[in-house]
Amino acid sequence: MSILKRTQQWATFARTWHIYDCTWQNPFDSAKVVKNHLMGLHKPIYHPMNDCGDHVVLINTGEIALPGDEWIKRVYFHHTGYPGGASWTLAWQLHEKDPTMVMKKAVYAAMKGNLQRRHTMQRLHLFPDDKVPEEILGNVTSQIKQTRVVPKRLDHIDKETLENFPAIMDYPKDYVLR
Amino acid sequence: MVFTSAALFVRARGPDEFWRKRRVFKLAAHFHGRPRNVYTFAVRAVHRALVYATKGRKLKKLDMAELWKTRVSASAEQYGVSFDAFKNSLLKSNILLNKKMLADLAIWEPRSFEALAQLSRERAVVEGMPGIQERSVMNQVYGLKNLLKK
Amino acid sequence: MSILRIVNAFNRSLVPHQRTVATSAVLGVKQIEVQKQDDTVVIQAVTSESPRQALLLKEACQPKFCPECSLGLDVKHTDVLILSQYVRNDGCMLPRRITGLCKRQQKKMGTLVTMAQKAGLMPNLGPSSSKKDPKQRFGWRKYNKYYYESSIKY
């Protein structure tokens, strides 16, 4: 094997580190994308027996968004194993306790349950905000595209855009401004 | 079939039975535990194994098709084309490569695959197919759809 | 009954859309200004040019204009720059005679405005008692949420 081929082989099977910003993202839509990168489903060399998955760093998991009133409709179930040990936690309560948990469970549930799943999950790194340790951030070489456009708040839009945005409605004459 | 003594050799009844069992034991040689050594278990296990093998011949084809589809869609999406748009637009462009060949191209000849992906992307834009992530130069060409149809 | 309705509609069609006779000077929008001078409070309505006059779209100069019916725009609840134009300073939706939308669009825009406000995208347009920061809301409301426009029925 020539040096060139050996390097090519090494580069093909090397693990890449991806970063994904969860701000205003639906965790369950994002989980499908993140899962593909964790399992290596985004590579043409993919094979179920081929360990070609990448690392994914999820940042701002505290800023995820759920549609409608799903924060109070989605319920997480846990059972301690003892009689009367069942407990139901609403999504927003779980999110309040641990801002990474909803996202982590979404990715975990997006994958098929097999022996590989827990090892694949080890390659997932979750952070509730954008404070990521240097040794992890130093590895990151790629960014995953977000599934939803991050909406902009009206009071965060800069003054120039606000003033120059075309008006589509004018006040009728004699209208008292409020 | 190991005969440790002459008595055991005598117990083996007839050449026909010997060869019949031997045929089953040969198929069961790689089994674990009693299904390997005991004929009663071996013959059942061999039967089951042969049923699996028959089913597996069909399943293997399905599995391979699924694997090729995963690989081709993975590499097509690198270039911003969904699998369906990629395959359909290749068909429209009269490029009749099957999934196996496309998967092989994606792995061993990424540059050829990139050319195919770009070609299909332009075609998909012209045909107005959904599932195109990236903008293409063809978006700006006016009346191209009518030209290609002639 | 139906004859009466037809006659009424006919009568209404005779009346021109914009009034040509006005009892007060018609120049532009009015702004109420309150000035305090020593011990007298002067409240006066100042007539001024509409602030949106210069930026108005050509299509929007007609009395009736809907972003969807006239231009085919697909307005989402995240398009706060469009939605905020139909909203008063305290976050209330303007009535239909002012917005000039068709009946269906008026309802739809109202729902979109509600969605945007619930999602905390227009916190500066709201009553003075409202929490300006969506993160300060109570319970589950403090977390980010978005809405599907397809859930609007009409």
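Two residues are said to be in contact, or to touch, if their C-beta atoms, placed from the backbone, lie within 7 Å. The model described here is predicted, with local features needing pLDDT of at least 70 and side-chain atom pairs counting only at pLDDT 80 or more, while totals for chains, interfaces and linings use all residues. Residues are numbered from 1 along each chain as its sequence is written, and chains are lettered from A and ligands numbered from 1 in the order in which they are written.

Helices (H or I, at least four residues) and strands (E, at least two) are DSSP runs, numbered from the N terminus, and two strands pair if DSSP finds at least two bridges between them. In chain A, an open sheet of 4 strands runs in the order E6-E2-E1-E7, with parallel pairing. Strand E6 (124–126) and strand E7 (142–143) of chain A stand at the edges with a single partner strand each, so one side of each has no neighbour in the sheet. E1(A) and E2(A) are joined in the parallel sense over 5 bridges. Along this pair, A:Trp17 has A:His55 of E2(A) as its bridge partner, and A:Tyr20 stands opposite A:Leu58 in E2(A).

How much of E2(A) is buried? A residue is buried if 20 or more other C-beta atoms lie within 10 Å of its own, exposed if 12 or fewer, and partly exposed in between, with C-beta atoms placed from the backbone. By this count 4 of the 5 residues of E2(A) are buried, so E2(A) is largely enclosed by the rest of the structure. H2(A) lies across E1, E2 and E6 of chain A and runs at about 150 degrees to E2(A); here axes are lines fitted to C-alpha atoms, for helices over the stretch in contact, and angles run from 0 to 180 degrees between N-to-C directions.

These elements also contribute to a nonpolar core, that is, a set of buried Ala, Val, Leu, Ile, Met, Phe, Trp, Tyr and Cys residues joined through C-beta atoms within 7 Å. The largest such core has 49 residues, of which A:Val34, A:Val56, A:Leu58, A:Met103, C:Leu83, C:Val113 and C:Ala116 touch the most other members. Elements that each supply at least two residues of this core include strand E1 (17–21), helix H2 (27–39) and strand E2 (55–59) of chain A, as well as helix H5 (103–118) of chain C. H2(A) provides the largest share, 6 residues. Another core, of 17 residues, lies apart from it and has B:Val72, B:Ala76, B:Ala85 and B:Leu90 among its members.

Turning to the contact between chains A and C, 30 residues of chain A meet 41 residues of chain C. E3(A) gives the most to the side of chain A that touches chain C, with 3 residues. By class, that side has 21 nonpolar, 2 polar and 7 charged residues, where Ala, Val, Leu, Ile, Met, Phe, Trp, Tyr, Cys and Pro count as nonpolar, Asp, Glu, Lys and Arg as charged, and the others, Gly among them, as polar. E3(A) also pairs with strand E3 (residues 144–146) of chain C in the parallel sense over 3 bridges, and A:Leu66 has C:Lys145 as its bridge partner in E3(C). Chain C itself has 5 helices and 3 strands, and buried residues make up 24% of its 154 residues.

Chain B has 8 helices and 0 strands, and 20% of its 150 residues count as buried. Its contact with chain A takes 7 residues from chain A and 9 residues from chain B. Within chain B, helix H5 (residues 83–92) and helix H7 (residues 110–127) pack at an angle of about 85 degrees, with their axes 8 Å apart. H5(B) and H7(B) are therefore roughly perpendicular to each other; angles under 35 degrees count as roughly parallel, over 145 as roughly antiparallel, 65 to 115 as roughly perpendicular and the rest as oblique. Residues that meet here include B:Ala85, B:Phe86 and B:Leu90 in H5(B) and B:Leu116, B:Ala117 and B:Ala124 in H7(B). By class, the contact of H5(B) with H7(B) has 6 nonpolar, 2 polar and 3 charged residues.
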